[in-house]
Amino acid sequence: NSECSNTIGSFSCICNHGFTGNGVTCDDIDECSLSIDNCRHQSRSCINIDGSFLCSCGSGYSWNGTACEGISVRLQGPSSDTGTGRVEVFYGGQWGTICDDYWDRDNAAVVCRQLGYLNAVRALRGYNVPDGSGKIWLRDVHCNGNEQNLTSCLHGRWGNHNCGHDDDAGVVCSSTDVDECSEIWTTAPAGVLNVSTLLGVFRADATMVIPEMA
């Protein structure tokens, strides 16, 4: 963390930029706690690292070169106005698609919620999704279904993928709650009764044994 300079008969040590001390012992300068970073002027949060600092926009936001902006989600395709289509995210000033690797209903639930829909009917993959064009932003998205925005889910590095647009991910969203109880004979395991419908989900309590249907 310091630089040594040879002198005639001796030497001198100077701490590197971002460190403070006598040159022999150099400690990191915490620019964040000292408020000498420039992140706050750009609406970003400061993260201290050895010898320097990083500016972060936080979950759900990206840096467009001058300020943090919300990472938006939209649907594209002939039925996008009615809640069905290819999912695209706006990142770094550009719209792009998502690979359908591991794309499931939990992921769709987060997208539909972010778009203001009540329910995710299903996740779309492959030939069920109209092919996009241009940038492919994300792959390997893993949501648990409770996140408020897609970028809060686990995902690969932005722009890093091995997908084509025939792998674009999509969703079917609905503003009407789905009564999963009406489909309980095909969705609940044998031996489960007392099914109560909730908003967007259902709950099953094993309080009575019922016969498995053929």
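Me: What counts as a helix or a strand here, and how many of each does the protein chain have?
Reply: Helices are DSSP runs of H or I with at least four residues, and strands are E runs of at least two. This is a predicted model. Going by those runs, the protein chain comes out with two helices and 16 strands.

Me: Where is Phe53, and is Phe53 buried, partly exposed or exposed?
Reply: Phe53 belongs to strand 6, which covers residues 52-56. Buried would need under 20% relative accessible area, and exposed over 50%. Phe53 has 23%, so the label is partly exposed.

Me: Which residues is Phe53 in contact with, once neighbours within four places in sequence are left aside?
Reply: Contact here takes heavy atoms within 4.5 Å. With the sequence neighbours set aside, Phe53 touches Glu31, Cys32, Asp37, Asn38, Cys39, Cys46, Ile47 and Asn48.

Me: How many Å apart in space are Phe53 and Ile29, C-alpha to C-alpha?
Reply: Along the sequence, Phe53 and Ile29 are 24 residues apart. In space, the C-alpha to C-alpha distance is 9.3 Å.

Me: And Ser80, is that one buried or exposed?
Reply: Ser80 sits in the loop between strand 9 (73-76) and strand 10 (84-91). Leaving out neighbours within four places in sequence, Ser80 has contacts with Leu75 and Tyr117. The cut-off for buried is under 20% relative accessible area. Ser80 has 17%, so Ser80 is buried.

Key
Residues are numbered from 1 along each chain as its sequence is written. This is a predicted model: local features need pLDDT of at least 70, side-chain atom pairs count only at pLDDT 80 or more; totals for chains, interfaces and linings use all residues. Side-chain values use heavy atoms; hydrogens and water are left out. Buried means under 20% relative accessible area, exposed over 50%, partly exposed in between (1.4 Å probe, protein chains only).
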